[in-house]
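Reader: I've got the sequence and the model open on my screen. Can you take me through the contacts one by one?

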Amino acid sequence: MAPQERNSYVEEENNSKNTTNNLSNIDLSGGFVNKGYENDISDATVPKKEEEETKKDTDFDDLLPYVGEFGLYQKILFLLMIPFAFFVAFVYFSQIFMTLVPEQHWCWVPELANISVEERRALAIPPSTGPFSHDRCKMYSADFKAALAQGRTTPDDEWPVVPCQYGWEYNKSDVPYDTIASELDWVCEQDNLAATAQAIFFCGAIVGGLIFGWIADKYGRIPALVGTNLLGFIAGVGTSFCNSFWSFALCRFLVGLAFDNCFTMMYILVLEYVGPKWRTFVANMSIALFFTLAASLLPWIALWADDWRIFAMGTSLPFALAIATPWLVPESARWLVSQGKIDKALIIMKKFQRINKTKIPDKVLSDFTESSLRHIKKSESESRTYSVLDLFKTPRLRKNAILLIVIWMAISLVFDGHVRNVGSLGLDVFLTFTIASATELPADTFLTAVLDRWGRRWLACGSMVFSGIFSLLATAVPIGGPSASLAILGRFAVNISYNIGLQYAAELLPTVVRAQGVALIHIMGYVASIVAPFVVYLANISQDLPLLILGILGIVGGLLCLFLPETMDTEMPLTLADGEDFGKNQRFWDIPCFSRKTVEEDEENPGRYTKRPSLSATNAPQEFIRAAPSAIGSRASVRASIRASTRRRDSHKDRNVV
């Protein structure tokens, strides 16, 4: 998904220190950040004795066990994710089926309209030595009426060869409906226009992430969710009326503004209301089931529509359903608390009580209100601000930041390249796309089972390298079934890498610049995705070129993962100093599933980490800091960021971790 993340679900820890109603230190706006770790920055100055006497904070997650961690209301919200998962799949993939071009096309010669296709090609089209028996972009220049009068059925060797003069005709056996590319003849000299339009779409995605991220922070998650889907509706419907490249490109830019917040806003909202032990299920199964189903159905919707304009209209009209969202989906209670609207947040929680038939004790509600107000006051007194540039001021942190950017760009490009290269695999594009999309389900399931056993570093490396190897092997076998099978295996492997990618960044970057850093990585991923359509376009030169490039990038990107520190079973760095020292004691060949060691911060030397036995190797409950979703991201990266928030055990609530 997949699909390579731009969503302001988390209030950045440092961007509103002078704003009155900001709860950035406890990150109640959508992040699931462990308050014990998050507050270490300010608590470091508190004497230990006073620290021990500090009253335990009651955070938002402490309310969930009382309302039900996956009760009836949460199940309803889980099912309400279905239309939004369909919307993001339609936004991401629909352009592929609007811009397909039949592989067999040739120059149209009006003078020969009254004879058969085979006779026209035999008389007017030069033969070709490539994969096609005839030239697709040139024709003979001759007086064809006179040639027919003479009874000619083959060309004269002296006839000059010229580019197509009157347009093209198409063999629609592989793409049996009109697309905008075949309607406007985006072939030969203009065959790069489809790739250009797709690149413009990703430019819109970058801008949309910034715009709707700001709206989500300023006015709430529901206005951003409704706004992004309504924009997708308007621009998608407008696409069906386009009759030129520039009008199409403009509409695709506007549709790009809706990607991918049209789903991830809803995704985060639901995760916020689900208890910790259910978040892994909701985070992965919402993608594995709903998004995969939508992507797999999309080719057959295109075939059923039998016209690109009807297809564009049919995949855009459902977006209008988002207008009902405010009456069906609650606003983010965490965002409301971050804005000081605690009463409204409690009204939402009481609605959960009513539907789930549960009850939050008055004492818990009172403690939650007091804790929220206390943290608002504390955040107002802080004045230190941080910038994403702080990531590049010290050597180890700079190295890790650059590696994360380069690796995520490689993952994004390889993923999107595989998504769009299905038309060059020598098989039915609709069936191949469905099978390739379906690999998201086993990839998500596999990743959920092994991620916390095998770790991030070697799993990211292995999946990327295997993706690269499968891609290279696909160029060494015959076009068709063998090459398509290997390319689909490459897609399966990069799905795993994609889902790991931004979790890595959320766990590795320091808290004080995490949101900004992950946002930067997301944006660079979209920059790489802009290049992907042009990589796929190289199939017009050689069918092997896209897979060769994707294979090399996969192997190189995978090997670069080994130069990052492992983050499994570790406390995430809080300060810039923590980030600089993180992983210093790790060795290159450390493998979590063998060593089962983790790092622990030395209380006497903050920022220093020492090895200790992994809690997972004992009967003790594991303690994880919850990863903050990025301010800017794609579906997979947001999912990955949230997955890191799912691992705090219920026993953690009985202790005040500082």
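Reader: Let's start with Leu553. Which residues does Leu553 touch, not counting residues up to four places away in sequence?

Author: A quick note first: this is a predicted model, where local features need pLDDT of at least 70, side-chain atom pairs count only at pLDDT 80 or more, and totals for chains, interfaces and linings use all residues. Residues are numbered from 1 along each chain as its sequence is written, and side-chain values use heavy atoms, with hydrogens and water left out. Leu553 sits in helix α25 (residues 545–561), where helices (H or I, at least four residues) and strands (E, at least two) are DSSP runs numbered from the N terminus. Taking contact as heavy atoms within 4.5 Å, and leaving out residues up to four places away in sequence, the ones Leu553 touches are Ala410, Leu413, Val414 and Met464.

Reader: And is Leu553 buried or exposed, or partly exposed?

Author: The cut-offs are under 20% relative accessible area for buried, over 50% for exposed, and partly exposed in between (1.4 Å probe, protein chains only). Leu553 has a relative accessible area of 28%. That value falls in between, so Leu553 is partly exposed.

Reader: How far apart are the C-alpha atoms of Leu553 and Val414?

Author: Val414 is on the list of residues that Leu553 touches. Along the chain the two are 139 residues apart, yet their C-alpha atoms are separated by 7.0 Å.

Reader: What about Ser286: buried or exposed?

Author: Ser286 is found in helix α13 (residues 276–305). Among the residues it touches are Phe78, Met81, Phe263 and Tyr267. Its relative accessible area is 0%, so Ser286 is buried.

Reader: Which residues have the most contacts inside the largest nonpolar core?

Author: A nonpolar core here is a set of buried Ala, Val, Leu, Ile, Met, Phe, Trp, Tyr and Cys residues joined through side-chain atoms within 4.5 Å. The largest one has 138 residues. Those with the most contacts inside it are Met81, Phe93, Phe97 and Phe259.

Reader: At what angle do helix α9 and helix α10 pack?

Author: Helix α9 covers residues 193–219 and helix α10 residues 221–239, with their axes 7 Å apart. The contact includes Phe212 and Ile215 of α9 and Pro223 and Leu231 of α10. Axes are lines fitted to C-alpha atoms, for helices over the stretch in contact, and angles run from 0 to 180 degrees between N-to-C directions. On that scale the packing angle is about 150°.

Reader: How much space lies in the largest pocket?

Author: On a 1 Å grid over the protein atoms alone, a pocket is an open set of points where a 1.4 Å probe fits, with protein on both sides within 12 Å along at least five of seven lines; lining residues have an atom within 4 Å of a point. Grid points are joined across faces, edges and corners, and a volume is the space filled by probe spheres set on the points. For the largest pocket that comes to about 1,200 Å³.

Reader: Which lining residues are the closest to the centre of the largest pocket?

Author: Helices α5, α9 and α24 (514–537) each supply at least two residues of the lining. There are 42 lining residues, and the closest to the centre are Val101, Gly423, Ser424, Ala539 and Asn540.

Reader: What is phi of Lys357, roughly?

Author: Lys357 lies in the loop between α17 (342–356) and α18 (362–381). With a relative accessible area of 75%, Lys357 is exposed. Although it is not a glycine, its phi is positive, at about 60°.

Reader: Last one: is Arg491 buried or exposed?

Author: Arg491 lies in helix α23 (residues 481–508). Its relative accessibility is 3%, so Arg491 counts as buried.
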